[in-house]
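User: Please examine the structure shown below and answer some questions on its architecture.

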Amino acid sequence: MNDIKTPIWAARSGWWERLQPHEKSRVASEVGYQTVPAGEVLQPLGEPALHWVGMMSGLAKFTVTTTSGKPLVYSGVGAGGWFGEGTLMRRGVWRYQAVAIRTCELALVPRETFLWLLERNILFNHFLLQQLNDRLELMTLQALDGQQIGAESNVARTLRHLFHPLAGANGGALRVTQSEIGQLCRLSRQRVNQAFQRLEADGVLQLRYGGVEILDAERLRAWEFRAPHPKAAAKPIATRCSPAVVPPGNGYTCAPG
DNA sequence: TCATTAAATTGTT
DNA sequence: AACAATTTAATGA
């Protein structure tokens, strides 16, 4: 009775070990599986979300359709990642599309099972909070793209987001081509290649054929906030004070030069 | 197991 | 975008 069948995706799921034994057995007995070929959607837009979706293998991009009709890629998910919890929690319909960049093998946890865990297991809730917080930070930083953020920061952020679920597993090896990274952060493959080489020169990763190996996760994270132009970084807001702007005797002093 | 070929991916311009 | 070089995967002897 106590022999719980451990699904093959459990080790890298990030949340399986947080379940009680009887919770594990329910999930293991109710989880479903599906394979989605490259280029097809993982979940039908506009229809009620029926499952919490886990990526056993493959790579997918999240897109929304803008008013101009063109799909806008805003995030991605790789092997070990799970998505759909937001839509499940509000018991809503899919408002975004997940499109398979490569063939994806999915694990599907039924909605009722997910909501059941959500109501009873505090450790499971902590996992979801951490994941939602990660995604919130990811998108907050995306607002800075093209402004004070360089391509290296963009690539570093996308890499961290993708390999986070399986950090530690595979020693940080991530099977993602440079072209696929380009799709996820809307950069040309060439620019991604350039960014990769700079990151490799800094020692944060090792380039491999068809993937990368993360060597230093902390330094990779530091790249997310590095300014693109070191020269123009140290510019004070005001270098000179004019008497017309700051009248004398108000307590302010003017910095020389 | 090895050699040959095609396909995929990378690095460069 | 185009090109050459490199790596992997597939095939058959």
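The questions below concern the domains, a helix and a loop residue.

Analyst: This is a predicted model, in which local features need pLDDT of at least 70, side-chain atom pairs count only at pLDDT 80 or more, and totals for chains, interfaces and linings use all residues. Residues are numbered from 1 along each chain as its sequence is written, while chains are lettered from A and ligands numbered from 1 in the order in which they are written.

User: What distance separates the centres of domain 1 and domain 2?

Analyst: Chain A is divided into domain 1 (16-142) and domain 2 (151-228), with bounds from an automatic or database domain assignment. Taken over C-alpha atoms, their centres are separated by 23 Å.

User: Is helix 6 largely enclosed or exposed, and which of its residues are buried?

Analyst: Helices (H or I, at least four residues) and strands (E, at least two) are DSSP runs, numbered from the N terminus. A residue is buried if 20 or more other C-beta atoms, placed from the backbone, lie within 10 Å of its own. Helix 6 (residues 178-185) is largely enclosed by the rest of the structure because six of its eight residues are buried. These are Gln178, Glu180, Ile181, Gly182, Leu184 and Cys185.

User: Where is Gln43, and with which residues beyond its neighbours within four places in sequence is Gln43 in contact?

Analyst: Gln43 lies in the loop between strand 1 (32-36) and strand 2 (51-57). Gln43 is buried, as 22 other C-beta atoms lie within 10 Å. Contact requires C-beta atoms, placed from the backbone, within 7 Å. Leaving aside those sequence neighbours, the contacts of Gln43 are Val53, Trp94 and Ala98.

Methods: A residue is buried if 20 or more other C-beta atoms lie within 10 Å of its own, exposed if 12 or fewer, and partly exposed in between; C-beta atoms are placed from the backbone. Two residues are in contact if their C-beta atoms, placed from the backbone, lie within 7 Å.
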